[in-house]
Amino acid sequence: AIQTEGVVYVHACPRAISPHVEWALATIFGEPVRVPWSPQAIIPTSVRTQVRWTGPIGTAARITSALLPFTQVRFEVTEDAAPGRLGERFSFTPALGLFRADIGPHGDVLIPEDRLRAAIAQSVIPGASLVDEVARLLGQPWDEELESFRCAHEDGTVRALEQVI
């Protein structure tokens with residue numbers, strides 16, 4: 001299988017749920033996972049972590065599926081582009097739910113033509129806006145909600161999964 005890599009960003013996870021997140025990751029990687037949790041200053045009862053992973057194409061989707069049951073957790077999962085295949089980004093917040101986007105080799109969100117056509121069609125409905133529809137397709141509401149949590153990771157510590165398994 002073609003290997004790729006990505007990052008799991010758990011921006012905010014209630015402390016009591018953090019072992020369950022590790023168990024969910026262990027089901028994906030087939031071995032125990034212990035991640036380095038740090039306090040999340042924005043939500044003092046929560047912790048955060050970020051871990052680089054390596055695995056077969058589709059691992060980001062599998063990680064995301066494993067984390068979705070934890071509806072109180074704010075997270076993002078990325079998968080880098082592989083030869084002949086786009087990357088992916090998944091973002092989840094309790095208020096907005098799940099966002100998924102294709103990511104090009106330079107990190108750009110790519111919007112398929114049919115989704116743009118649907119946004120144009122939606123924008124003719126009274127009260128709808130093309131700008132808002134395109135912003136949603138780009139994941140802007142998720143970016144806005146997660147940005148303050150992302151800044152909590154600005155110390156630059158991204159550990160490789162091999163270092164925490």
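Helix axes are lines fitted to C-alpha atoms over the stretch in contact, and their angles run from 0 to 180 degrees between N-to-C directions. Helices (H or I, at least four residues) and strands (E, at least two) are DSSP runs, numbered from the N terminus. The model is predicted: local features need pLDDT of at least 70, side-chain atom pairs count only at pLDDT 80 or more, and totals for chains, interfaces and linings use all residues. Residues are numbered from 1 along each chain as its sequence is written, and side-chain values use heavy atoms, with hydrogens and water left out.

**View 1. Helix 3 crosses helix 4.** The axes of helix 3 (residues 113-123) and helix 4 come within 8 Å and cross at roughly 150 degrees. Arg115, Leu116, Ala119, Ile120, Gln122 and Ser123 of helix 3 meet Leu130, Glu133 and Leu137 of helix 4, where contact means heavy atoms within 4.5 Å. This contact comprises 5 nonpolar, 2 polar and 2 charged residues. In this classification Ala, Val, Leu, Ile, Met, Phe, Trp, Tyr, Cys and Pro count as nonpolar, Asp, Glu, Lys and Arg as charged, and the others, Gly among them, as polar.

**View 2. Glu133 belongs to helix 4 (residues 130-138).** Glu133 is buried, because its relative accessible area is 13%; buried means under 20%, exposed over 50%, and partly exposed in between (1.4 Å probe, protein chains only). Neighbours within four places in sequence aside, Glu133 contacts Ala119 and Gln122.

**View 3. Helix 4 meets helix 5.** The axes of helix 4 and helix 5 (residues 140-151) come within 5 Å, crossing at roughly 65 degrees. Ala135, Arg136 and Leu138 in helix 4 meet Gln140, Pro141, Trp142 and Asp143 in helix 5. By class, there are 4 nonpolar, 1 polar and 2 charged residues in this contact.

**View 4. Phe75 and Phe92 form a stacked pair.** The whole structure holds 2 aromatic pairs, defined by ring centres within 6.5 Å for Phe, Tyr and Trp (its six-membered ring), with planes under 30 degrees apart stacked, over 60 edge-to-face and the rest tilted. The ring centres of Phe75 and Phe92 are 5.5 Å apart and their planes lie at 20 degrees, so the pair is stacked. Phe75 lies in strand 4 (residues 74-79) and Phe92 in strand 5 (residues 87-93), so the pair ties together parts 17 residues apart in sequence. Both Phe75 and Phe92 are buried.
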